[in-house]
Amino acid sequence: MNSELLDYIQDTGILDYCLQKSGAYVDYPFGKDYVTVKVKNSRKSIIFAEIFVLDRELKLTFSTDEGTAQKLRSDYAGVIVRGWHCPPVQAKYKSTVSVYGVPNEVLQRLIDMSYDRAISKLK
């Protein structure tokens with residue numbers, strides 16, 4: 001992981017929060033400048049958080065159900081948007097948030113929802 005990204009992430013505590021989740025671990029399938037946090041069972045793993053810098057801004061991509069995604073994008077217009085880089089089939093579930101655009105409690109709630117969704121898919 002590059003030092004700029006590491007500094008950003010450490011300042012927010014979001015990676016530490018993600019890693020407190022049971023079975024969570026870090027992976028870099030898209031390169032060292034793009035952190036993914038996954039959870040797995042014996043058959044597969046699922047990404048529940050993606051942390052990266054885009055246009056010098058720290059971003060978090062997370063997953064929810066379609067209705068929640070639409071509501072969040074409406075409630076936080078311009079701050080929570082359709083998932084950056086997501087293929088159309090995932091776009092209705094994945095959203096990206098500017099980390100410094102919402103309170104830490106909101107970030108934690110988004111991470112919790114995404115983690116719970118990932119766990120439900122592993123069953």
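**The nonpolar core and the sheet beside it**

Modeller: In this predicted model, the largest nonpolar core holds 28 residues, of which Phe48, Ile51, Leu60 and Val97 touch the most other members. At least two residues of this core come from each of α2 (14-19), β2 (34-40), β3 (45-54), β4 and α5 (104-122), and α5 gives the most, with 7 residues.

Turning to the strands, β4 (residues 57-63) pairs with β6 (residues 94-98) in the antiparallel sense over 5 bridges, and serine 63 has lysine 94 in β6 as its bridge partner. This pair belongs to an open sheet of 6 strands with antiparallel pairing, in the order β1-β2-β3-β4-β6-β5. The edges of the sheet are formed by β1 (25-27) and β5 (80-82), and because each has a single partner strand, one side of each is left without a neighbour in the sheet. From one strand to the next, the twist averages 30°.

Finally, helix α3 (residues 66-75) lies across β4, β5 and β6, and runs at about 130° to β5, the strand that stands at one edge of the sheet.

Definitions and conventions:
Residues numbered from 1 in each chain as written. Predicted model: local features only at pLDDT ≥ 70, side-chain atom pairs only at ≥ 80, totals over all residues. Heavy atoms only, no water. Pairing = 2+ DSSP bridges. Helix = DSSP H or I, 4+ residues; strand = E, 2+ residues; numbered from the N terminus. Axes fitted to C-alpha atoms, helices over the stretch in contact; angles between N-to-C directions. Contact = heavy atoms within 4.5 Å. Core = buried A, V, L, I, M, F, W, Y, C linked by side-chain atoms within 4.5 Å. Buried < 20%, exposed > 50% of the residue type's maximum accessible area, 1.4 Å probe, protein only.
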